[in-house]
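Reader: I'm new to reading protein structures. Could you walk me through this one with a few questions?

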Amino acid sequence: MNNIPNRKVICDVLMEHAKDDHDIVVLCSDSRGSASLTPFFENFPEQAVEVGIAEQDLVSIAAGLAKVGKKPFAASPASFLSTRSYEQAKVDCAYSNMNVKLIGISGGVSYGALGMSHHSAQDIAAMAAIPNMRVYLPSDRHQTKYLIEALLKDEKPAYIRTGRNPVEDTYAEDNCPFEMDKATIVNEGSDVTIIACGEMVKPSLDAAKLLEKEGISAEVIDMYCVKPLDTEAIIRSAKKTKAVITVEEHAPFGGLGSMVAQVVSANCPKKVLEIALPDAPVITGTSREVFDYYGMNAEGIAKKAKEALS
Amino acid sequence: MSNLKALAYKLRKDTIDIIMEGGGGHIGGDMSVMEILVDLYFKQMNISPDNQDSPDRDFFILSKGHSVEAYYAVLCEKGFLDYEEVKSKFSKFGSQYIGHPNNKLPGMEMNSGSLGHGLPVSVGIALGNRMNGKTSRTYVVMGDGELAEGSVWEGFMAGNMYHLDKLCAVIDRNRLQISGSTEDVMAHEDLFKRVQSFGWHVISVDGNDLDELDKAFEEAKQTKGKPTCIIANTTKGKGSKVMENKASWHHHVPSLEEYEQIVKDLEECRSMQG
């Protein structure tokens, strides 16, 4: 069982590159511990900026740094980063086209029992609605590494959401296919398409194994690039299967499910069922308990797939 | 300096012509901010079309982005933009010359429009320039109504925390906002002490007096270890009795009759500058 959370991988990748690239700057809003970025602050104090609990300041300062050629990574809990500083993300980063990478940590229901103030079930919808803002939800630690390395090479704004807890590996260390802005087909199948992002990819893969035992062939797509959405991958898969399921740790509106349904209905109309958090404050519990309660696990996904095929 | 004083009134006329042609504009704040822009662009800042991409240039952010018409007039005079083109296209369908700064245009560093962004963005620019070993200075101009945005005070905190002595914030203190007096809407009566208490060096001047402004900018340059905030006490609608100190002229297009009187008043002011 993997015990390395994706956020720690981000810190490792940034530290590895910061040795040679002095333009990399990490900003935190009293969030260096939560973001696993304390080692970066200790090892690269000249490339680290603390702004205190001030998310608006965090994002505007990051944009200013980008203006003079720095490569800022601003990390703050996804719940605050995608709402408190939403306008700074929109105006200072996206609209002004600054090379700011916004790292939303402890995304979705990572903070479990802390309540709705700390949950970010709106960040995909919010960030994706901003022109010139990209949205990424890497699924495991290996993909996170490739994604951050790819993002270090471009000069455009992006929002990246990671969870708080370690997630089981979807990929093997030596076998993590990654192409920037192209979804990864994790499992090929022909009866039903399951499209997931972030922490929901692994349970979707597990669901495909359960379905296989019942003679159902499920294709699983890791849509880590929610925006720009890999529409070709969706259409290709949806055309060959009978139904599509989407799975996301997000509200039922404006997230992956809405986007996939848009693409499928316009290109190859068929049933799209979505698994998402409810349009309500979520039940109290750990991430795992919350996922189980709402059917956001292998069994729940398999059940939904069979429902779509029936 | 007398040439620049006259220039400020010439640019006010240019600004008003842009507004007349475009059929809209934040005329009151355009008039109050003019001397600040003129001193920065024609006296203080190391910025011109020749060095606009140089990392060694000085940086300017118009946080009160609605004063863009005055900014257009200044950038045209400075050679960044073509005045006739700006005037004919401002606010027109499909135009790049919109009602707030647009950084796709030469000379404009960042987009603004929503208030309370410029100061923290400028903190980032000043911090980044220091990291890059540059001696560039960063200037940001805010309105006083804008000070009600909490993010401004986040910026004041960070400017102090990082001792950004190459950062200079200017507050266009014209004491009027769209609903009326700033002191009735959200008071900043002890503004000098407020900003000072955030650890900034604060200078209060007549913001429509180029000599006083210029002296303040020089003092800011000499101030080490902390950023400077210049409270520029200005008159909204400065230049003509038709519009001076009238909240209703925050966003207003003069009638032809008003226009003629304003142009006459501006010309009179200009001729008095020697």
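Reader: Which residue in S6(A) is the bridge partner of A:Arg134?

Author: Happy to start there, and keep in mind that this is a predicted model. Strand S5 (residues 134–136) and strand S6 (residues 158–161) of chain A run parallel and are joined by 3 bridges. In S6(A), A:Arg134 has as its bridge partner A:Ala158.

Reader: Which are the edge strands of the sheet in chain A?

Author: Let's follow the strand order. The open sheet has 7 strands with mixed pairing, in the order S2-S1-S3-S4-S6-S5-S10 of chain A. An edge strand pairs on one side only, and that picks out strand S2 (48–50) and strand S10 (225–227) of chain A.

Reader: At about what angle to S3(A) does helix H3 run?

Author: Helix H3 (residues 55–67) of chain A lies across strand S1 (24–28), S2, strand S3 (71–77) and strand S4 (101–105) of chain A. Its direction relative to S3(A) is given by an angle of about 170°.

Reader: Is H9(A) oblique or perpendicular to H10(A)?

Author: Two packed helices are described by the angle between their axes and the distance between the axes. Helix H9 (residues 231–240) and helix H10 (residues 256–267) of chain A pack with axes 10 Å apart, at an angle of about 60°. Because of that angle, H9(A) is, relative to H10(A), oblique.

Reader: How many residues of the contact of H9(A) with H10(A) are nonpolar?

Author: From H9(A), the residues include A:Ile234, A:Ile235 and A:Ala238, and from H10(A) they include A:Val260, A:Val263 and A:Val264. Of the residues in this contact, 2 are polar and 1 is charged, while the number of nonpolar ones is 6.

Conventions
Residues are numbered from 1 along each chain as its sequence is written. Chains are lettered from A and ligands numbered from 1 in the order in which they are written. This is a predicted model: local features need pLDDT of at least 70, side-chain atom pairs count only at pLDDT 80 or more; totals for chains, interfaces and linings use all residues. Side-chain values use heavy atoms; hydrogens and water are left out. Axes are lines fitted to C-alpha atoms, for helices over the stretch in contact, and angles run from 0 to 180 degrees between N-to-C directions. Helices (H or I, at least four residues) and strands (E, at least two) are DSSP runs, numbered from the N terminus. Angles under 35 degrees count as roughly parallel, over 145 as roughly antiparallel, 65 to 115 as roughly perpendicular and the rest as oblique. Contact means heavy atoms within 4.5 Å. Ala, Val, Leu, Ile, Met, Phe, Trp, Tyr, Cys and Pro count as nonpolar, Asp, Glu, Lys and Arg as charged, and the others, Gly among them, as polar. Two strands pair if DSSP finds at least two bridges between them.
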